[in-house]
Amino acid sequence: MMAHSKTLLVLENFIGGKFVPSSSYIDSYNPSTGDVCCRVPDSGKEEVEAAVKAAKDAFPIWSSKSPLERSQILNKLADLIERDLEAFAQAESKDQGKTITFARTVDIPRAVYNFRFFASSVLHHTSECTEMAAVGCMHYTSRTPVGVAGLISPWNLPLYLLTWKIAPAIACGNTVVAKPSEMTSVTAWMMCKLLEKAGVPHGVVNVVFGTGAKAGEALVCHPDVPLISFTGSTLTAQRITEKSAPHCKRLSLELGGKNPAIVFDDADLAQCIPTTLRSSFANQGEICLCTSRIFVQRGIYSEFLKRFVAEAKKWKVGNPSDPTVDMGALISKEHLEKVRSYVKKAQAEGARVLCGEGVDSLALPAGNQKGYFMLPTVIAEVKDESCCMQEEIFGPVTCVVAFDTEEEVIKRANGVRYGLAATVWSSNVGRVHRVAQKLQSGLVWTNCWLVRDLNLPFGGMKASGVGREGAKDSYEFFTEVKTITIKH
Ligand code: NAD
């Protein structure tokens, strides 16, 4: 179904139900080979203007459909993506560098589920009603879609995160202008090809490709886009907040993390070690929820470190299309350099790199020599104030440090500007509740990682975000509420 192979894939914006060629393009690279794999429209104000107009024109009809009608269309779209799951997974792996296994089992199934989930959940919201009998009044709430939603997503889980926004936005009756990351635009473009067949009316979903500085900012600054749902870095979120302030836009910001894992000496290491390896290195460590600071209670520190490093060394890094590979390539050459620079800084500060970058050698297949690969890297004896323990690295690098007491570890785990996700490992149920309550973190997993119920709120505290998304939270974000009072 894709128009690439020998010739380079050239994407087009999707505006008002039509693919529109662009006058200028950006090169997008295959991270596992270093070759240009497609050309992405370099859109700006003009394209965003056209997309917002199409979305505005489509709003009256789409917003007046019943939730059930919209739900049926979302389900049809989910079925079509699922039908093409393998093609989507191949494209995501090639475009992003992630393993084909991860794309097949996590990214694309979740994109399908996002549509199914919101197709269902939108049918089950109820409004509130209260009575004031003494004054003969009753009050009730009424929710309506807001209008044109601006959706901006990052490169790490491209279709997964974009559909996490599109699905609730359109389920609630909004129309959207979406801007995926310029580095990973292919699967969004593939999804556009399925919209008509699913019954999504023209103009309900518009996708404008391009950079954040041009296309993203044009969307953020557009006066007819009253809300922006953004997932990406904290730095970009600050800029979006500033730029949208003159319009008083409603913002949902899902941002970076510096997520701790806390391993108490009564933890079940047989569960904890494989899960913490995954939480550190899954998707090349390029998940906002990845663990990057592991606090281990002193009594088991040496044993944990020995077993953790031995298992990390077993991770196979290489061609992402090889199903036996555990870790693919990082998103870009620049990002790889940035991640590597943290390891160098840690070494310069006196920390010990126990495996991975600069310690072990990485043998790559002939076709992947120019790809952006690095090994899972474990660093010990890092000071809490080191940039490796404070800044989001967003790569396969994790720091392991020892702690003594519960009180101490809570303080140290909270001692960063971020507050997205934490994991706690202990067989003492009282302790896991106590610690979970005290962690400054929007999500706390105890004795597990990445187990999600989409019904419940997702989002971060502190510099990790503003607002929450989930069944009820997304519904509230993507609708406007009105309180109506009736005197009888
Ligand atoms: P990024 O902030 O560089 O870019 C994210 C998106 O914003 C891209 O589409 C980009 O083009 C766009 N953008 C950039 N500048 C913009 C501007 N001035 N105006 C409007 N849009 C702009 O982030 P990234 O490097 O693509 O993604 C990695 C970051 O995303 C990490 O910090 C990671 O933690 C975070 N993330 C958070 C979550 C979460 O749910 N909390 C999930 C995934 C990723």
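# A guided tour of the aromatic pairs, helices and sheets

A search of the whole structure finds 11 aromatic pairs, where rings of Phe, Tyr and Trp (its six-membered ring) count as paired if their centres lie within 6.5 Å, and where planes under 30 degrees apart are called stacked, over 60 edge-to-face and the rest tilted. The model you have open is predicted, and for that reason local features need pLDDT of at least 70 and side-chain atom pairs count only at pLDDT 80 or more, while totals for chains, interfaces and linings use all residues. Residues are numbered from 1 along each chain as its sequence is written, and side-chain values use heavy atoms, with hydrogens and water left out.

**Stop 1: rings**

Select Phe14 and Phe19, which form a tilted aromatic pair with 4.8 Å centre to centre and 55° between the planes. Phe14 is buried, with a relative accessible area of 6%, whereas Phe19, at 28% relative accessibility, counts as partly exposed; buried means under 20% relative accessible area, exposed over 50%, and partly exposed in between, with a 1.4 Å probe and protein chains only.

Next select Phe118 and Trp164, another tilted pair, with 5.5 Å centre to centre and 55° between the planes. This pair links distant parts of the chain, with Phe118 in helix H4 (residues 100-121) and Trp164 in helix H5 (residues 158-171), 46 residues apart. Helices (H or I, at least four residues) and strands (E, at least two) are DSSP runs, numbered from the N terminus. Both Phe118 and Trp164 are buried, and together with Tyr113 and Phe117 they form one aromatic cluster.

The charged end of Lys345 sits over the ring of Tyr342, 4.8 Å from its centre; the term requires NZ of Lys or CZ of Arg to be within 6 Å of the ring centre and within 35 degrees of the ring normal.

**Stop 2: helix H6**

Now select residues 186-198, the 13 residues of helix H6, which should span 18 Å at 1.5 Å a residue, and whose end C-alpha atoms are 19 Å apart, which agrees; the expected span is 1.5 Å times one less than the number of residues. H6 is mostly covered, since 10 of its 13 residues are buried, among them Val186, Trp189, Cys192 and Ala198. Just after H6, you can pick out Gly199, which takes a positive phi of about 95°.

**Stop 3**

Turn to the open sheet of 3 strands, which has the order S1-S5-S4 and mixed pairing. Strand S1 (9-10) and strand S4 (25-29) stand at the edges, each with a single partner strand, so one side of each is left without a neighbour in the sheet. S1 and strand S5 (residues 36-41) run parallel and are joined by 2 bridges, and two strands pair if DSSP finds at least two bridges between them. Select Leu9 to find its bridge partner in S5, which is Cys38.

The other open sheet on this tour has 7 strands, in the order S15-S16-S17-S14-S13-S19-S20, with mixed pairing. At its edges stand strand S15 (352-355) and strand S20 (443-446), each with a single partner strand. Strand S16 (residues 377-380) and strand S17 (residues 397-403) pair in the parallel sense over 4 bridges, and in S17 the bridge partner of Val378 is Thr398. Strand S19 (residues 421-425) is joined to S20 by 4 bridges, and these strands run parallel. S20 has a covered face, with Leu443 and Trp445, and an uncovered one, with Val444 and Thr446.

**Stop 4: loops**

Select Gly318, whose place is in the loop between H10 and helix H11 (333-348), and which is buried, with a relative accessible area of 2%. The C-alpha atoms of Gly318 and Ser32, 286 residues apart along the chain, are separated by 8.1 Å.

End with Cys248 and Asn283. Cys248 has a positive phi of about 50° although it is not a glycine, and this residue lies in the loop between helix H8 (234-244) and strand S12 (250-254). Asn283 has a positive phi of about 55° although it is not a glycine, and its place is in the loop between helix H9 (269-281) and S14.
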